[in-house]
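I opened this model to look up its sheet, its core and its pocket. My entries are below.

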Amino acid sequence: VSIQATDETVTATDPAEISGQITADQSNPCPITAHTVIHIPSGIQVASTTNLDSGGPGEVSGTTTLAPGETTTISITAYGNNVGEKMFIADFSYYPTGYPDMEQSNSGYIIEVSVDESSQSQQDTSILEKIFGIFG
C-alpha cells in the first residue's frame with residue numbers, strides 16, 4: 001500500500017491531487033479483498049475520485065478484490081475553501097477473499113495538503129458552466 005499527495009497545493013484554479021496504489025503480494029495463494037477509507041478534513045471538497053466512492057460524511061471509501069500480483073490505483077482531486085494546512089488520514093484493511101475474520105489493517109497514513117488560496121470562486125464558476133453551459 002502506498003499513498004501520497006502528488007500535487008499538494010490548492011490554489012484558486014488548481015486542486016490538490018492525492019493518489020495511491022494497493023498491490024496484492026504475488027505469493028498470495030488466493031485473491032484479497034482490500035478496503036480503503038480516506039477521511040476528508042473540514043473545509044475540503046472532493047471534486048472527483050478514482051476507485052473510491054462516498055463513504056459517508058467526511059470520508060470516501062472503496063473496496064476491491066485483487067488477484068495475486070494485481071495492482072489497483074486510487075485517487076482524489078480536492079479543492080479547499082479555508083486557507084491553511086489540511087490533513088487527510090487514510091486507513092486500509094485487507095483479507096483473503098471470503099475470510100473477513102482474517103482481516104489485517106494499516107491505519108493512520110497521513111497526507112498533508114496546503115490550501116494557499118480559496119477555490120470557492122472557481123467551484124462556483126464550474127457549477128454555473130455545468131448548469132447553464134457558460135464557458136470562459
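Ground rules. I am working on a predicted model, where local features need pLDDT of at least 70, side-chain atom pairs count only at pLDDT 80 or more, and totals for chains, interfaces and linings use all residues. Residues are numbered from 1 along each chain as its sequence is written, and side-chain values use heavy atoms, with hydrogens and water left out.

Sheet. I took strands as DSSP runs of E, at least two residues long, numbered from the N terminus, and called two strands paired if DSSP finds at least two bridges between them. I found an open sheet of 6 strands in the order 2-10-9-4-7-6, with mixed pairing. Its edge strands are strand 2 (9-10) and strand 6, each of which pairs on one side only.

Strand 4. I followed this strand to both neighbours. Strand 4 and strand 7 are antiparallel over 8 bridges, and 8 bridges also join strand 4 to strand 9, again antiparallel. Ala34 stands opposite Thr64 in strand 7, and its bridge partner in strand 9 is Tyr94. Val37 has Ser61 of strand 7 as its bridge partner. I counted 6 of the 8 residues of strand 4 as buried, so the strand is largely enclosed by the rest of the structure. Buried here means under 20% relative accessible area, exposed over 50%, and partly exposed in between (1.4 Å probe, protein chains only).

Core. I defined a nonpolar core as buried Ala, Val, Leu, Ile, Met, Phe, Trp, Tyr and Cys residues joined through side-chain atoms within 4.5 Å. The largest one has 24 residues, and Ile3, Ile18, Ile38, Ile76 and Phe88 have the most contacts inside it. Strands 1, 3, 4, 7, 8, 9 and 10 each supply at least two residues of this core. I then listed the contacts (heavy atoms within 4.5 Å) of Ile3. Leaving aside neighbours within four places in sequence, Ile3 touches residues including Ile18, Ile38, Ile74, Phe92 and Ile111.

Loop residue. Asn51 lies in the loop between strand 5 (44-50) and strand 6 (53-56). Its phi is near 60°, a positive value in a residue other than glycine. I noted Asn51 as partly exposed, at 47% relative accessible area.

Pocket residues. What does strand 9 (residues 84-96) supply to the lining of the largest pocket? Strand 9 gives the largest share, 3 residues.

Conventions:
Helix = DSSP H or I, 4+ residues; strand = E, 2+ residues; numbered from the N terminus.
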